[in-house]
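Subject: Structure for your review

Hello,

Please find the structure below.

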Amino acid sequence: MRTRRGAGEGTTGATQPGRDPVTASWQAVRDDGRIRPELLEAAWAEPRLRRLFPWTGMGELHFSRCTQPRWAWDIPYIRPGASGGYLVCGPLRGETVGPATTPREAIAMVVERLPPNCGPAFVGTPEELAMHEAGARPTAAGWGNADHSPT
């Protein structure tokens, strides 16, 4: 299990060998216990979020379009609200979408703001994802396979 602290403190399952990094991260986030179970259940029930890479940071549930740090920051995230509800923020720090009373409402607010053609999560870094989306192929470290995923 990988842990990042500070601005991106959190838990992912990205480093579990032999497992799909998205599936491993969902399990790691569940096992971590920092996110309310009802919110995780609602997020997992939404197919468009289930195929993204979840991670936690500062008690927040984040979703990334790539599987390796520094994760993509183009999807809103969900914070626990002071009164038991939720606050949907982002995608960048300091941006607020709005409050949500229920997990489903919070999930719907995130889904409404997903980038076009979002998912499944790209196995790699945000930089590799950007190169993939631009149709470029790195040459030095090389992506040797035809689907542009890192080798």
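Predicted model: local features only at pLDDT ≥ 70, side-chain atom pairs only at ≥ 80, totals over all residues.

Residues are numbered from 1 along each chain as its sequence is written, and side-chain values use heavy atoms, with hydrogens and water left out.

The whole chain

The protein chain has five helices and seven strands (DSSP runs numbered from the N terminus: helices are H or I with at least four residues, strands are E with at least two). Along the sequence their order is β-β-α-α-α-β-β-β-β-β-α-α. Of its 151 residues, 44% count as buried (buried is under 20% relative accessible area, exposed over 50%, partly exposed in between, with a 1.4 Å probe and protein chains only). Among contacts with a separation of 6 or more, 45% come from residues 24 or more positions apart (contact means heavy atoms within 4.5 Å).

Helix α2 and its partner α1

Helix α1 (residues 21-32) packs against α2 at an angle of about 165°, and the axes are 10 Å apart (axes are lines fitted to C-alpha atoms, for helices over the stretch in contact; angles run from 0 to 180 degrees between N-to-C directions). The two helices are therefore roughly antiparallel (the term applies to angles over 145 degrees). In the contact, W26, V29 and R30 of α1 meet L40, A43 and W44 of α2. These residues divide into five nonpolar, no polar and one charged (Ala, Val, Leu, Ile, Met, Phe, Trp, Tyr, Cys and Pro count as nonpolar; Asp, Glu, Lys and Arg as charged; the others, Gly among them, as polar).

The two sides of α2

L39, L40, A42 and A43 are the buried residues of α2. Seen down the helix axis, they fall within an arc of 165°, so they line one face of α2 (the arc is that of the directions from the helix axis to the C-beta atoms). Their cover includes α1, α3 (47-50), β4 (60-64), β5 (77-80), β6 (86-89) and α4 (103-112). On the other side of α2, P37, E41 and A45 are exposed.

Residue E41

E41 sits in helix α2 (residues 37-45) and has a relative accessible area of 57%. Its C-alpha atom is 9.4 Å from that of R104, which is 63 residues away along the chain.

Regards

Technical notes: Parallel < 35°, antiparallel > 145°, perpendicular 65-115°, else oblique.
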